[in-house]
Amino acid sequence: MKPAEVMSVAELNRYVKRMMEGDLRLADVWVRGEISNFTHHHSGHMYFTLKDKDSRLKIVMFASYNRFLTFIPKNGTKAIVRGSISVFERDGAYQLYARELQPDGIGALFLAFEQLKEKLQQEGLFASERKRALPRFPKTIGVVTSPTGAAIRDIITTIKRRYPQAKIMLAPAIVQGVEAPASIIRSIRHINQYQVDVMIVGRGGGSIEELWAFNDEAVARAIVASQIPIISAIGHETDYTIADFVADIRAATPTAAAELAVPHYLEWLERIKQLDHRLARALQTQLQEKRTHLQRLQQSYGLKNPLRRVEERRQRIDEVTLRLSAMVKMKVVRKREQVSHVKKRLKQIRLERQVAEGRGQVNRMESQLTQYMKQKTERSRQAWLSLVQHLDALSPLRVMQRGFSLSYKDDTLIKSVEGIEVGDQLMIRYQDGKIMTTVTDIERKEENHGS
């Protein structure tokens, strides 16, 4: 059995930390509980415990996140915290690193708001590329709001004051309560059936519960589907709803929405007056320039004495004619020189061609001679190889290959036992080597003499 790996405390804490941070569910969790042991460190970070009747959880909220809080956390506050779970390696304790913190009184609504906001954002419904520009001079403005609230009065008053020629089309809607989302959607779709240039959708200020109809997903998708550009005007400047994010443009208040929807006619009247003034000045300037130019023409030398001008032109023509004639003569001389040069060049080219032909003939002869020498050399090589083979056949080494050997005394080949004495040193050569030996006995062949 393989022995278990022994880890240090730091290694184990680091391993658990990595396991927790790799869990996607623990990367984004919402937790509800009561704040206790709250400490706001001088560094700006917040440390506290979130508890319920059964358990406790340590929370850390760094300054980069808690500076956006709209309330001051206190011990005993019911809260909802959003963040990620990890391990503080030094103490080996796991804790929640908070990114958002809300009082539990509106926590459920806030949680639903954040989840829908994240969903629609991932679908690209908040993208600026999808938003449409508002028309500069709208003829008809549609308004979706309560017909009895302050918002419709502010919108009508602002539009009539700024751009009285515009028409206002009101589509009454319920703007809070259970029936509000369906009513708002019906009014948006109703206005889309008419020739309306821009639409304002909104209401006056209120609590998060009163504004909740504008956080409805169906209302948001109805705004996105509208063929008419929509300005959202919901609540006060600090109020944000899902409708604000999907609308083509957000206004802080209904009055601000009316100001965005139409131009101020007095501003455009003043601009038209300025343009009219600039146009009149430009025409006067241009007219004065034309008069000045005409006066210069009237006082010019050519108009005062036109005949003299013609005579000067004739004189100029005569000068040009003389210069042209001289240029033609010079051109003829240059062409003749060029022809002479070309003739000389042609002669030189003929000579060069003859030299080239002679060089070609020499090259061919050289090639033939080279070929002849190659053939002669090859025949001589074949004859030499034949002689080498013949000599090789007569070589003593060939005889030695059949088992014979050669004996030498003092590097002299021994052909007879004559001259050999007992005790002489001899070298005997074989096919594959040689040996040294000493003569210990000599046996001479006796000659046969006839009787």
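Modeller: We can begin with the chain as a whole and then turn to some of its parts, keeping in mind that this is a predicted model.

Biologist: How many helices and strands does the chain have?

Modeller: The secondary structure of the chain consists of twelve helices and 14 strands. Its radius of gyration is 58 Å, well over the 22 Å that the globule rule gives for 451 residues, so the chain is more spread out than a compact globule.

Biologist: And what box do the C-alpha atoms fill?

Modeller: Taken along the principal axes, the box is roughly 175 × 125 × 50 Å. The accessible surface of the chain comes to about 32400 Å², and carbon and sulfur atoms hold 54% of that surface.

Biologist: What share of the residues is buried?

Modeller: Buried residues account for 27% of the 451 in the chain. As for contacts with a separation of 6 or more, 58% of them are between residues 24 or more positions apart.

Biologist: Let's go to strand 8, residues 198-203: is it mostly covered or mostly open?

Modeller: Strand 8 is mostly covered, with six of its six residues buried.

Biologist: Which residues sit on which side there?

Modeller: In a regular strand, side chains alternate between the two faces of the sheet. In strand 8, V198, I200 and G202 lie on one side, while M199, V201 and R203 lie on the other, and both faces are covered.

Biologist: Which strands does strand 8 pair with?

Modeller: One partner is strand 6, residues 140-145, which pairs with strand 8 in the parallel sense over four bridges, and in that pairing G142 stands opposite M199. Another is strand 9, residues 230-234, which runs parallel to strand 8 and is joined to it by five bridges, with R203 standing opposite I234.

Biologist: Changing topic, where is N66, and is it buried or exposed?

Modeller: N66 is in helix 2, which covers residues 63-66. Its relative accessible area is 8%, and because buried means under 20%, N66 counts as buried.

Biologist: Which residues is N66 in contact with, leaving aside its neighbours within four places in sequence?

Modeller: With those neighbours left aside, N66 is in contact with G44, H45, M46 and M61. For M61 there is a further detail, as its backbone oxygen lies 3.1 Å from a polar atom of the N66 side chain.

Methods
Residues are numbered from 1 along each chain as its sequence is written. This is a predicted model: local features need pLDDT of at least 70, side-chain atom pairs count only at pLDDT 80 or more; totals for chains, interfaces and linings use all residues. Side-chain values use heavy atoms; hydrogens and water are left out. Buried means under 20% relative accessible area, exposed over 50%, partly exposed in between (1.4 Å probe, protein chains only). Helices (H or I, at least four residues) and strands (E, at least two) are DSSP runs, numbered from the N terminus. Two strands pair if DSSP finds at least two bridges between them. The radius of gyration is taken over C-alpha atoms; the globule rule is 2.2 Å times the number of residues to the power 0.38. Contact means heavy atoms within 4.5 Å. Accessible areas come from the Shrake-Rupley method with a 1.4 Å probe; for residues, only the protein chains shown count as cover. A polar contact is a pair of N or O atoms within 3.5 Å; within protein, one must be able to donate a hydrogen and the other to accept it, and residues adjacent in sequence count only if both atoms are side-chain atoms.
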